[in-house]
Amino acid sequence: MAKKKNSKPLIKPGMSPSEIVKILRNLDGVMITCTGMRDAGQSDYKNRHRIYDLATLAPYYEDMNLFSSECHGGARWHVGVMNRRESPFKEIEILRELMPSVQLQTLIRETNLWGYRPYPRNVIEYVVERVDIDVWRCFSFLNDIRNMRTVAEVVMKRGRLFQPAISFTQADWTTNEYYLSCVNDIVDLCGGVDEIVLCIKDMAGVGSPKRISSLVDAIKQAYPDLVVQYHRHATDGLALPALLAAAKAGAKVVDAQEDSLTRFYGQPPILAVQAYFEESGIKVNLNREAAEKAVQRVRDWIGHYEWAESPFKGFDHMVTSHKMPGGAFPSSFEQAEKGGFLHLMPSILKVMSLYNKIVKYFDVTPGSQITWVTCSGIVNRYAKEHGETGVQHIIRILSKFVEEKGQDMSKMTKAEQKELLGLFSTAPGDFKNLLLGGYGRLPMGWPDEWVYKSAFGDEWKEKLKERKDLSPLDSLEEDDLERIRKELAEHLGRIPTDEEFVLYLMHPKDALQMFDFVEKYGEAPLVLPTNVWREGLKRPGDKVEFDLLGKPYCIELVSVGKEHEGQIHVVMRVNNKTRVYEIDTPRAKKVEIRMAKAPNEIGAPISGNVWRIGNPRRGTIKVGDIVHKGEEIANLEAMKMENPVLAPFDAQIQEICVKLNDSVQENQLLFVLKEQ
Amino acid sequence: MKRQDNKPQKIKKVLIANRGVPAVRIIHTCRDRMIPTTAVYSTPDRLALHALMADSAVHIGDAPPSESYLNAEKIIGAALKSEANAIHPGWGFLAENADFARMVIDSGLIWIGPEPEVIAAMGDKIRAKKLAIKANVPTIPGISDVSDVKQIKQWMKEDEVTYPIMIKAAAGGGGKGMVKVESDKQLKTAFSQAKSEAFKAFGDDKLLAEKYIERGRHIEVQVVADQHGNVFHLYERECTLQRRNQKIIEEAPSPTINDDLRNEICFTAVRLMREIGYTTAGTVEFIFDSNTRRFYFLEVNTRLQVEHGVTELITGKDIVGLMLDAAEGREFQFRQEEIRPNRWALECRINAEDPRTFSPSFGTITRLKAPLGPGVRVAMGAYEGADIPPYYDSLFMLIMTAGPARDDAIRVMDRTLSRNLRVEGVKTLAPLLLSIIRHKAFKSGEFSTKFIEDHMDELVSMFREHDSEDEALKIADYVARISALGPQDWM
């Protein structure tokens, strides 16, 4: 039954992991991890839900008596930096303030953290220490538990809850025995079962109720004290019964999201879960009244995100064969749409279902990306070279090889063998790195030799010798953090904060773009409502009001002019003062000014006028002249002060990029030198 | 030197041979006295504040100063054409050009400034120093008429002078053509740089060399003199805070000296000015060695100075008005004993410059909100929507504050810079100025001419990161952009 509002939450931040585990073990019924702030958005809205809107749910979460709010990590981090221009650190700060009694949960990809490459140990330690998260769900797309070691150590040392996840799929090789061996490794790694919650991560939504019941049961038989959480996507349409089956078999926490957020690929609807469980005799520790309000609140803003929804709508029981995870669905379809090959999706999904019987791992980041890029690449290549017939042809050969001939190459014709040996010739580097052990051990061992021949051609034998069986934690060399920090400082022109440094470590290029954006547009991503953020103000008189640093502001549109020579004039009233903005359109003509970038490129020390090239002693300098370190090679004048430009080393003048009496800006390229 | 003609002449209309802050300042006093004014302007200054404020305005040429504000013939022609019978040169440009002063007088116009001969004598630093010695004013060890590096080395050896030394343009002023030399190694480059700058700035590459007073303080005395032998001082100003040898914060009185020293330095200045037959407003600059507590003559500025306003604030005198009186041949109607400063005043120069690098920041001032409130005086040289052209000085506004004591003046300046001033479109020194007046060394009065270079990193680190109005404008920028262009690809 619904609990009274403002009742004390059972679990809250600051509790020790063993305390939490104890509460869950003795719990009557289940608790819920609400994924409304992360996975719901990732699965059906390309992670575009802005903290501006999500924060409106926080006050209800505060009262909902949740196990946790999954609000962080996965691809939300990267999309935040790249598309929403929100710092994941700022999000935590905002949510902590609005829902101090709710545990914040992240999703982290063992050595890949929130990026897309394996990081060395020192980077993992540095990053994990600096992120204020209570529950750390950590998974490996290879179920290579060794890769979790560093994250586990840092999280457990900080006294936060480590939640190791086993990546689940339904296939002939993913037996209970297989999963129990993974759980054994986890229990060994974490020193027992008293300080962890184990997660079964059914990221594609493929576990049938019976299968999940059997798995949870097997784990509980082996480890009666181990607390199990079931995370499942709804893709196959069977989420509710599967969730109930897990709970009946002993799972103590299940993942759900606001009913109003639910589409097809995220978690099951929270109110429905509560009602269905209660009817089946399982108590749900949830303040339903608060949850209803959250569900209702979503409707206020969810309409702003229609553009972000997947074009591939509806449940898809075929997921049980292609296994594309809920989180990867919208982004894959988005790429197919952008790339103009949406019509090939059925073929790509078919190739994926065959591919993952050849190279066995779990389709979840970064594995799902490797699968996607590899398989969509194969299909696109055939479509380009031989059209639709070509695509059907390769699907036929693959089906025959996998489904009829038991992957026995000798049973294929010579022509078919040749075709298969060409299959991975243009596969992405990440696929090749995977084959060579760059991510860790594959769960069912390495693929057959022909895969290596196909991927590496004549070099395959040498490559095979390079293959590693070690975890990347043991094989990767440490990064030079101080050097990387300096590199960032040079980009920024100041000392970066720790948070900026972490963002840069994860996604260097995108982080720099975000820092530029923030420098220019400040808090716009945090204070603007979503319609204004995405489309601006539409009609004269439309306004947006917000508070900033404790003061009220109002921006009102007066008019948007017509484009003229690549410029549009926008007139707005900012706190009643009229301002005119000149907006360059993408078509604006740009006068290219070259800036000095490399050490051998000499830039103007200040903005000014080049009144002398050369120096009085030797006269004008020309291309080809040799200049000496410290010699004056030009002189700029600005506001009546002279500013000599000196040669930084002995050099030959390769190019003089300005003319006498040119007006130059600071750091504009003056000379290109060749060191002598 | 004697005034050739003591006959009172009535000023009917004043042409101001200047632009920006000085031109506007002079127009104000003329307006007080109902004297009409003529502004002159170069092509880019067609819509500049001074041109709009004056009663008439005459175009005198294109942007380069040599074709406009430094072009004596055109300026005199403009005066005659607009029926002005007097010329005030302001500061900078032709203000200390004796030939121009002579031309003005020879054209039958009233020159609102000292005698051309006095300008010439004081403009030549070597002659000025000789005159100072003659008037028994202490001077810095040095040599004049330096023609090569060898000569400097010779002098240093004979007079036992050690580095650092300063090489300066003999014709100089305003920090241009001055190069500090720390060692033998730098001497050669410094010498040629000073020579070239001197030629560029003053059309004269004569140099002199002097001992450099390490961590010296810059104190100057404001003097006013009429044509009747009255030479008064209006007390001193402290102008120690400089960047690249140009002052950016000035105050009166000086926090460095006590009353005994104050009297000594002020009367030394009066003695010198009397000796050289000075008339109108002028300034005697000294360098003060904090270690030995001795002061040395530096130069005489034969013109109105940028920082004259702080003296006006503490004495209540209108210095431009006194210049008009002197030029008309009137006798000052007050005595030295009646000058009793009873305020502390501070001035900050708002230059259009990057506060981190000092590189000039020209362009259009898109927003300008002048600071108002108790204890504030603002001298504007531009208005919102006006351009700061790249051809001239970067100063476009002065902010002065006053209070009963130094702390009060600093407090008012803090309020003014941190809350009430807004400039958009160009960068200004304001963040640096605010950091300086908040620095404990400034507050305690313990600083030297090297203060800014020594503390630059610390001062920059004190720049305020967040100003809610700036932040709101960034957001408005974004809204304008998206309103014009619609959803972006990167979203």
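How far apart do the C-alpha centres of domain 2 and domain 3 of chain A lie? They lie 51 Å apart.

This is a predicted model: local features need pLDDT of at least 70, side-chain atom pairs count only at pLDDT 80 or more, and totals for chains, interfaces and linings use all residues. Residues are numbered from 1 along each chain as its sequence is written, while chains are lettered from A and ligands numbered from 1 in the order in which they are written.

**Stop 1: chain A, whole**

Select chain A. Its C-alpha atoms fill a box of roughly 95 × 70 × 50 Å along the principal axes. Count 27 helices and 20 strands; these are DSSP runs, numbered from the N terminus, with helices being H or I of at least four residues and strands E of at least two. The radius of gyration is 29 Å, close to the 26 Å that the globule rule gives for 676 residues, so chain A is as compact as a globular protein of that length. That radius is taken over C-alpha atoms, and the rule is 2.2 Å times the number of residues to the power 0.38.

Colour by burial next. Buried residues make up 46% of the 676. Buried means that 20 or more other C-beta atoms, placed from the backbone, lie within 10 Å of the residue's own.

**Stop 2: domains of chain A**

Colour 17-308, 339-475, 537-590 and 601-675 as domains 1 to 4 of chain A. The bounds come from an automatic or database domain assignment.

**Stop 3: a sheet in chain A**

Show β13, β20, β18 and β15 of chain A, in that order: an open antiparallel sheet. The edge strands, β13 (601-603) and β15 (626-627), each pair on one side only. Pairing requires at least two DSSP bridges between two strands. Zoom in on β13(A) and β20(A) (669-675), which pair over three bridges. Gly603(A) stands opposite Leu669(A) there.

**Stop 4: where A touches B**

Select the contact: 40 residues from chain A and 35 residues from chain B. Contact means C-beta atoms, placed from the backbone, within 7 Å. On the chain A side, β10(A) gives the most, with five residues. This side holds 25 nonpolar, six polar and nine charged residues. Nonpolar covers Ala, Val, Leu, Ile, Met, Phe, Trp, Tyr, Cys and Pro; charged covers Asp, Glu, Lys and Arg; the others, Gly among them, are polar.

**Stop 5: chain B**

Finish with domain 1 (14-112), domain 2 (141-211) and domain 3 (217-469) of chain B. Between the C-alpha centres of domain 1 and domain 2 of chain B, the separation is 34 Å.

Methods: Contact = placed C-beta atoms within 7 Å. Buried ≥ 20, exposed ≤ 12 C-beta atoms within 10 Å, placed from the backbone.
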